[in-house]
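Welcome, and thanks for taking a look at this one with us. Please have the structure open as you read.

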Amino acid sequence: MAYQFNTFWSDEIATETGKSEYQSVEVQIIETSVVPEYNVITGKYTYPPGYDPEIYAGQARIIFPRWGVFTGGESQNNAKTNNVARLQIPQHALGAVVARGHRFKVTKAVRNPSLVGRWGTITSDAQGGSAATRTFEASWDGDQPEVS
């Protein structure tokens, strides 16, 4: 007996998991292939005219599936803590491939305000073909200071 599906099962799940109550933070994903120019006089970074590095801004969910790993300087008690993070956004919110090295910044996190202003780096956008959310693997510096 062959199974038949009239719709993708993941669409039903996406309707629920894509709600803002589950994706309760807001992020901005930045494309990093173009490096902004730094002006030493103004102290600001600028991009070429007409270029917008933002490829997504909106709701998301961030999950830290494992403890952080200490890297470098362990013998001096000055080790950096790196975490693996999963960043999930609504299923069809972004059609483009998000390359390794793109960055994301938490812009709003009502349930965990200490995340606001912190950055992560996307390490992979590979996921299954029937996913209910768009999920990215990321690296997160667990020692970065809270930014207000």
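Predicted model: local features only at pLDDT ≥ 70, side-chain atom pairs only at ≥ 80, totals over all residues.

## The largest pocket

Start with the largest pocket, which holds about 190 Å³ of space. Its lining brings together Ile 30, Glu 31, Thr 32, Val 34, Val 35 and Pro 36, along with Tyr 47, Pro 53, Arg 103 and Trp 119.

Among the residues lining it are Phe 8, Ser 10, Asp 11, Gln 91, His 92 and Arg 134. Helix H1 (9–17) and strand E9 (133–141) are the elements that each give two or more residues to this lining. Here the division is two nonpolar, eight polar and two charged residues.

## Salt bridges

How many salt bridges does the structure hold? There are two. In one of them, the side chains of Glu 137 and Arg 86 meet at 2.9 Å, N to O. This pair joins distant parts of the chain, with Glu 137 in strand E9 and Arg 86 in strand E6 (residues 80–90), 51 residues apart. Glu 137 counts as partly exposed because its relative accessibility is 25%, and Arg 86 is also partly exposed, at 30%.

Arg 134 and Asp 125 also form a salt bridge through their side chains, at 3.3 Å, N to O. Is Arg 134 buried or exposed? With 11% relative accessibility, Arg 134 counts as buried, since the cut-off for buried is under 20%. Arg 134 is also one of the residues that line the second largest pocket.

Note on methods: Residues numbered from 1 in each chain as written. Heavy atoms only, no water. 1 Å grid on protein atoms, 1.4 Å probe; cavity = no way out; pocket = protein on both sides within 12 Å on 5 of 7 lines; lining within 4 Å. Points joined across faces, edges and corners; volume = space filled by probe spheres on them. Helix = DSSP H or I, 4+ residues; strand = E, 2+ residues; numbered from the N terminus. Nonpolar A, V, L, I, M, F, W, Y, C, P; charged D, E, K, R; others polar. Salt bridge = Lys/Arg side-chain N within 4 Å of Asp/Glu carboxyl O. Buried < 20%, exposed > 50% of the residue type's maximum accessible area, 1.4 Å probe, protein only.
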